[in-house]
Amino acid sequence: MFPLTRTRYPDAPLHEALKDHFGDLTMGDFWTADPPTNLVITAFDLKENRTRFIKPWKDAYTAWPVVKAVQASCTVPTYFPIVENRFIDGGVGSYANPCYVAAYEAKECLRWDLNETTLISIGTGRSPYSYDPEKAPRLWPLDWIGRIFDVFSQSANDQQVHLVQTFFNGLDFRRFQIDMQEHIEMDDTRHMDRLVAYGTRLGRMMIDDHYDRAQGIIIKRTKLVADGY
């Protein structure tokens, strides 16, 4: 039982579920379809120490099974075994928020007109602040590890939002994120009711065009107003 094992879960059930859904589909099949579909799947390559941007039009990835690409991108360290002993979660190399990668792909690779492009970015929930002014002076070094990681991850995540806003003028960029009241581990199934409620609230935010507070503005009735959601 974890942590006495290297990973929390075996990868066979995930692989089988992906295989049932995607079959023998390859990345190249997206590009040869009519019309062609562009897709970017990120995975981090431990062997080459770099993020892989797996695209259907790149020769290096046309033969990649979609199952392999998706499983590699899903392989969060400690949760699932490393794919082919080298590929892990793509969020590790794209700051857990690929909105900047998507904007760059649209403008610089596909040469899309940003004035005719909409980028929708959906977050998975912002954990509550872990800082407690009364407890902070009494924290031990091990207590800081998780807190520092949370701060780094969320700060980097929000920075991707600001980068898109700063460098991609004309792009219809919509970032949706929700602030959570408690920290829920991604494999904790005891709080499904809470997660469903958060999902419902996030859906309502999307319908109402209430953007993530990191984006700083919301669009409502063609006017820009301060984000007070």
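Biologist: How many bridges join strand β1 to β3?
Modeller: Strand β1 (residues 41–45) is joined to β3 by 3 bridges, and the two run antiparallel. Strands (E, at least two residues) and helices (H or I, at least four) are DSSP runs, numbered from the N terminus. Two strands pair if DSSP finds at least two bridges between them.

Biologist: What should I know about the source of the coordinates?
Modeller: This is a predicted model, in which local features need pLDDT of at least 70, side-chain atom pairs count only at pLDDT 80 or more, and totals for chains, interfaces and linings use all residues. Residues are numbered from 1 along each chain as its sequence is written, and side-chain values use heavy atoms, with hydrogens and water left out.

Biologist: Which residue stands opposite F87 in β3?
Modeller: That residue is D45.

Biologist: And how do β1 and β2 pair?
Modeller: They pair in the antiparallel sense, over 5 bridges. F44 has T51 in β2 as its bridge partner. The hairpin of β1 and β2 has 4 residues between the strands, and N49 there takes a positive phi near 55°.

Biologist: In what order do the 3 strands form the open sheet?
Modeller: The order is β2-β1-β3, with antiparallel pairing. The edge strands, each pairing on one side only, are β2 (50–54) and β3 (87–89). On average, neighbouring strands of this sheet are turned by 45° against each other, direction ignored.

Biologist: Which helix lies across β1, β2 and β3?
Modeller: Helix α3 (residues 66–74) does, running at about 65° to β1. Axes are lines fitted to C-alpha atoms, for helices over the stretch in contact, and angles run from 0 to 180 degrees between N-to-C directions. Contact means heavy atoms within 4.5 Å.

Biologist: Where do the axes of α1 and α3 come, and at what angle do they cross?
Modeller: The axes of α1 (residues 12–22) and α3 come within 9 Å and cross at roughly 140°. Therefore α1 is oblique to α3; angles under 35 degrees count as roughly parallel, over 145 as roughly antiparallel, 65 to 115 as roughly perpendicular and the rest as oblique.

Biologist: Which residues of α1 and α3 meet?
Modeller: L14, H15, L18, K19 and F22 in α1 meet V66, V67, V70, Q71 and C74 in α3. The residues of this contact divide into 7 nonpolar, 2 polar and 1 charged (Ala, Val, Leu, Ile, Met, Phe, Trp, Tyr, Cys and Pro count as nonpolar, Asp, Glu, Lys and Arg as charged, and the others, Gly among them, as polar).

Biologist: Where does pLDDT stay under 50?
Modeller: That applies to residues 218–229, for which the model has 20 contacts beyond four places in sequence. The protein chain averages a pLDDT (the predictor's confidence in each residue, from 0 to 100) of 87, and 91% of the residues score at least 70.
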